Amino acid sequence: MAVLSPNTFTSKSTGKQHFYLMAGPSNGPLIIFLHGWPGIALTWKYQLHAFASLGFYVVAPDMAGYGQTWTSKDPSEFALEKLVPQYLELLEHVGRKEAIWCGHDWGCGPLWAIASHHPEVCKAVIGMSVPYRTLELGLNYMIPYLDRELYPEDEFPYGQYDYQVFYQENPEAATRQFESDIPNYVRLIFSRGQEKGSRERSFTVNTRNNGGWFKGPNTVVPEIPLEMTVIDEELRSELVASLTKNGFHGATNWYLNHSANEKYGLEKGVNNGVLKMPVLFIHTEYDTICQTVHNPRAGLQMREHCENLSEFVIKAAHWGMLECPDKTNAGIVQWILEKVRDSWPGPESRARASLL
């Protein structure tokens with residue numbers, strides 16, 4: 001198994017410290033993995049081990065606000081226009097001019113922004129759960145593509161994204177709730193999903209009415225057995241340590257820049273937002289929030305703005321890379337072989353890939 005080595009670098013433009021994990025040969029094709037809320041670099045552990053063993057050079061940062069990377073109570077520090085240059089500096093720091101970039105959840109914010117603003121650094125891009133031309137452009141580009149049969153506009157104007165409006169209206173309450181019982185909220189957030197989640201109204205639809213996530217600030221958080229989650233003891237321990245150290249304010253701040261992100265995305269992107277590089281989108285079918293499989297409208301803008309788009313579905317909830325790592329990895333392997341063949345390390349790696 002590949003060794004995951006811890007490293008840090010300091011942004012030249014901000015002076016802020018970033019932490020990242022790396023593995024694999026430093027001369028191998030580079031894949032950079034960007035995690036989302038409320039994860040850490042180790043969230044990608046199964047992908048880091050698998051692709052490093054194939055001869056790829058893999059890098060996964062603790063994103064801003066998490067783990068051993070900088071955090072701030074200033075929401076504007078988490079606007080994509082400020083974050084993207086720092087991840088370009090990470091690319092420069094590891095001595096490369098381009099990479100295959102892979103993001104999940106809020107990691108898709110900088111992922112899609114990098115692809116649409118700096119295509120020259122993207123050999124190819126992979127998004128999980130969150131389609132292109134949605135989250136990175138803000139709520140105004142998410143609400144129009146809701147499944148209105150599931151979320152009638154007069155009853156659920158913001159659909160499953162009601163929780164994101166709650167963040168904007170009362171970020172302190174959202175932060176306070178999760179910080180009230182970090183160990184058990186970690187287990188709850190990373191609990192396994194169910195098949196029905198893809199076709200039912202999300203539990204987040206009443207977040208504002210409830211005054212918080214789940215049943216609101218007075219939610220009694222159950223101690224979910226670890227085997228009912230998608231994490232092991234190593235990852236559970238690291239997640240709890242990260243969120244205990246930093247709190248949830250950084251995690252919350254990612255949600256507080258919709259207007260700034262929209263302006264950045266629409267005014268400073270290139271090619272009218274059209275992506276010409278190979279793009280892979282991985283649907284998580286049982287996802288209760290990113291309901292992309294049974295709502296074709298969710299990926300409409302992505303399909304219209306990607307010239308070389310591939311898609312596949314894994315039967316997992318939101319944390320697909322943790323719940324179904326083998327299927328996730330195999331799908332990425334097949335796509336790279338078909339669409340980004342010159343990014344394979346060599347003949348031996350191709351042979352090993354055929355066994356996944």
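How much space lies in the second largest pocket? In this predicted model, local features are reported at pLDDT of at least 70 and side-chain atom pairs at pLDDT 80 or more, whereas totals for chains, interfaces and linings use all residues. Residues are numbered from 1 along each chain as its sequence is written, and side-chain values rest on heavy atoms, with hydrogens and water left out.

About 210 Å³ of space lies in the second largest pocket. A pocket is here an open set of points on a 1 Å grid over the protein atoms alone, with protein on both sides within 12 Å along at least five of seven lines; a cavity is a set of points where a 1.4 Å probe fits but cannot get out, and lining residues have an atom within 4 Å of a point. Grid points are joined across faces, edges and corners, and a volume is the space filled by probe spheres set on the points. The second largest pocket is lined by Phe19, Leu21, Ile40, Ala41, Leu42, Asp62, Gly67, Gln68, Glu238, Ala241, Ser242 and Lys245. Two or more of its lining residues come from each of β2 (17–23) and α8, and α8 gives the largest share, four residues. Helices (H or I, at least four residues) and strands (E, at least two) are DSSP runs, numbered from the N terminus. By class, this lining has six nonpolar, three polar and three charged residues, where Ala, Val, Leu, Ile, Met, Phe, Trp, Tyr, Cys and Pro count as nonpolar, Asp, Glu, Lys and Arg as charged, and the others, Gly among them, as polar.

The largest pocket has a volume of about 1,000 Å³. Its lining is made up of 46 residues, of which Phe203, Asp287, Thr288, Ile289 and His318 are the closest to the centre of the pocket. Helices α4 and α6 (182–189) each supply at least two residues of this lining, which by class has 26 nonpolar, 14 polar and six charged residues.

Helix α4, which contributes to the lining of the largest pocket, is largely enclosed by the rest of the structure, because six of its eight residues are buried, that is, under 20% relative accessible area, with exposed meaning over 50% and partly exposed in between (1.4 Å probe, protein chains only). The buried residues of α4 are Asp162, Tyr163, Gln164, Val165, Phe166 and Tyr167, and they pack against α5 (171–179), α7, α9 (249–253) and α10 (258–268), contact being taken as heavy atoms within 4.5 Å. Among the strands, β7 (residues 279–284) pairs with β8 in the parallel sense over six bridges, pairing being assigned if DSSP finds at least two bridges between two strands. Within this pair, Leu280 stands opposite Ser310 in β8. Ser310 belongs, with Phe312 and Ile314, to the covered face of β8 (residues 309–314), whereas Leu309, Glu311 and Val313 make up the uncovered one.

Several backbone features lie in loops. Most residues other than glycine have a negative phi, and most peptide bonds are trans. The peptide bond from Trp37 to Pro38, however, is cis, with omega near -20 degrees, and Pro38 is placed in the loop between β3 (30–34) and α1 (45–53). Ser129, although not a glycine, has a positive phi of about 75 degrees; this residue is in the loop between β6 (122–128) and α4 (162–169) and is buried, at 0% relative accessibility. Phe214, likewise not a glycine, has a positive phi of about 55 degrees, and is found in the loop between α7 (207–210) and α8 (233–246), where it counts as partly exposed at 21% relative accessibility.

A search of the whole structure finds zero disulfides, a disulfide being a pair of cysteine sulfur atoms within 2.5 Å. Cys102 is in no disulfide, as the nearest cysteine sulfur, that of Cys108, is 7.7 Å away, and this separation is too far for a bond. Cys102 is buried, with a relative accessible area of 0%, and Cys108 likewise counts as buried at 0% relative accessibility.
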